[in-house]
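Subject: The structure you asked to look at

Hi there,

Here is the structure I promised to pass on. Have a look at it first, and my notes follow below.

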Amino acid sequence: MYRVSSFILHFARALLAGSLVATLWVNLDPASYYDVMEHGLFPLPFPGWIVADHVRATLITLTSDLLMAFFFFLLGKELWEANMLERGALHGRRGALPFMATMGAVGGAVLVWLLVSALIETAEEASFGSGWAVPVGCDVVIGYAIGRRLFGPQHPALHMLLLITIGAELAGLLALALMRPDEALRLLWLLLPLAAAAGVWLLYGRHARSERETERQRALHLWPYVVAGALSWTGVAAAGLPGALGLLPVIPAIPHARRAFGLFAEAEEFLHDPLNRFAHLLMRPLVGVLFLFGLTRGGIDLGAFAPTTLVTLAAFWIGKPLGLMAGTLIALRLFGLPLPQGLTLADMARIGAIAGIGFTVPVLSLDTAIPGGAMAEAARLGLALTLLAGPLLLLLSRARPSR
């Protein structure tokens, strides 16, 4: 196992710290918490044909729609390199097993959500299928922190865990884009990110491999990709899609290394291609961004328990692990795909249990995917309780007799 950047652990600590502060605040003085989080910071100087009239610039919206776009840019960068680069973990046939395991986990979580919700959900505002997008995502940074303690820092299971959780997170974002019934989608705006990505690649990105030194040097400047990213984010947000998706379209247009060193590999700190330079610049600020995300989205009302809480726990603790194992067994038995060297079915089962921890993207999905504030708060409590899977797995691993 290659060495993973220590920033992943810093991300996990920042996210949990922000959520702890928010939970204490919302339970001790909920009125002041919501006043601060929902306070309009400044008027948006845009006409209604760009930004809907009801959209306000609050600490919540700035963090979730703008700042978190940089975090998902980092996840998208890692998944893009794993797919496209030489020795990438998802390149060619190598990507089949992680893909099927991820799709199994997502499908299992959604199926259990639908079944359990139909059986026990009592919220008046709930309808069949409401909230199905919540259990699609999971949590990359907290999952990695738990996995590192469970498997050890050099275990190959960590690589598989990162692949599956990153894939599920981005799938959760795409599901969130489908769950915006109150937003009038203005799809013509999506031409802007497409034009920004195509334009910056034609003018700059494609020249990174040029034989002419002046063209190569011009392709290595960062500012053209910053401009393209700003245009891309504007187009995605104006189209009515989650702003957190806004930077993903430009990733393929940015010059990158010739081969992958692994997801969040520490070795990438020595690479100087534009895509990795962006990643280096983002690492430290993202610690603060994840703290803000925990602060604005992670406040747990401890008195919000309701049937939706149990629906959430069932989807993550039953649906995700069983679905992941089903996808893995289909890949192994029906398609004859081998497990990566050093990995066993027992390791995959533990990965499935860690994937049953849901926070970043599931929390982001709550207000859109679930109707009603009380129902959303009950689901948020369920997401917080999924974090208990980490300590439980660590306790079980210590209780196992040594061989």
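Predicted model: local features only at pLDDT ≥ 70, side-chain atom pairs only at ≥ 80, totals over all residues.

Gly390 has a relative accessible area of 0%, so it counts as buried. Setting aside residues up to four places away in sequence, Gly390 is in contact with Ile146 and Ile357.

Leu394 is buried at a relative accessible area of 16%, a value under the 20% cut-off. Its contacts beyond four places in sequence are Ile146, Arg149 and Leu150. The C-alpha atom of Leu394 is separated by 9.2 Å from that of Gly147, although these two residues are 247 apart along the chain.

That leads us to helix α5, where 9 of the 12 residues are buried. The buried ones are Val140, Val141, Ile142, Gly143, Tyr144, Ile146, Gly147, Leu150 and Phe151. Which helices cover them? The cover includes α1, α3 (59-84), α6, α12 and α15. As for the length of α5, its end C-alpha atoms are 16 Å apart, and this agrees with the 16 Å that 12 residues should span at 1.5 Å a residue.

Two packed helices are described by the angle between their axes and the distance between the axes. Here, α1 (residues 7-28) and α5 (residues 140-151) pack at an angle of about 115°, and their axes are 8 Å apart. The crossing of α1 past α5 is left-handed. On the α1 side the contact is made by Ile8, Leu9, Phe11, Ala12, Leu15 and Leu16, which meet Val141, Ile142, Tyr144, Ala145 and Arg148 in α5. Sorted by type, the residues of this contact are 10 nonpolar, no polar and 1 charged.

Asp347 has its place in helix α12 (residues 345-355). Is this aspartate buried or exposed? Asp347 is buried, with a relative accessible area of 7%. Beyond its sequence neighbours up to four places away, Asp347 touches Phe151, His155 and Gly342.

Now for the nonpolar interior. In soluble globular proteins, nonpolar side chains tend to be buried together. The largest nonpolar core in this model has 111 residues, and the members that touch the most others are Phe11, Phe71, Phe72, Leu173, Phe264, Met348 and Ile351. Helix α6 (residues 157-178) gives the most to this core, with 14 residues. A second, separate core has 6 residues, among them Ala22, Val26, Tyr33 and Leu295. Phe71 is in contact with Phe11, Val141, Leu286 and Leu290, leaving aside neighbours within four places in sequence.

Phe264 has some details of its own. Phe264 lies in the loop between α9 and α10, and at 3% relative accessibility it counts as buried. Its phi is positive, near 55°, in a residue other than glycine.

On to helix α9 (residues 223-238): its 16 residues reach 23 Å from the first C-alpha to the last, close to the 22 Å expected at 1.5 Å a residue. The buried residues of α9 are Pro224, Tyr225, Ala228, Gly229, Ser232, Gly235, Val236 and Ala238. Their cover includes α7 (191-203), α8 (213-219) and α10 (274-297). After α9 comes Gly240, with a positive phi near 95°.

Finally, Pro274 lies in helix α10. Pro274 is buried, with a relative accessible area of 0%. Leaving out residues up to four places away in sequence, Pro274 touches Ala219, Leu220, Leu222, Tyr225, Ile254 and Pro255. The C-alpha atoms of Pro274 and Trp223 are separated by 10.0 Å, and the two residues are 51 apart along the chain.

Best wishes

Key:
Residues numbered from 1 in each chain as written. Heavy atoms only, no water. Axes fitted to C-alpha atoms, helices over the stretch in contact; angles between N-to-C directions. Helix = DSSP H or I, 4+ residues; strand = E, 2+ residues; numbered from the N terminus. Left-handed = near helix turned anticlockwise from the far one by under 90°. Contact = heavy atoms within 4.5 Å. Nonpolar A, V, L, I, M, F, W, Y, C, P; charged D, E, K, R; others polar. Buried < 20%, exposed > 50% of the residue type's maximum accessible area, 1.4 Å probe, protein only. Expected span 1.5 Å × (residues − 1). Core = buried A, V, L, I, M, F, W, Y, C linked by side-chain atoms within 4.5 Å.
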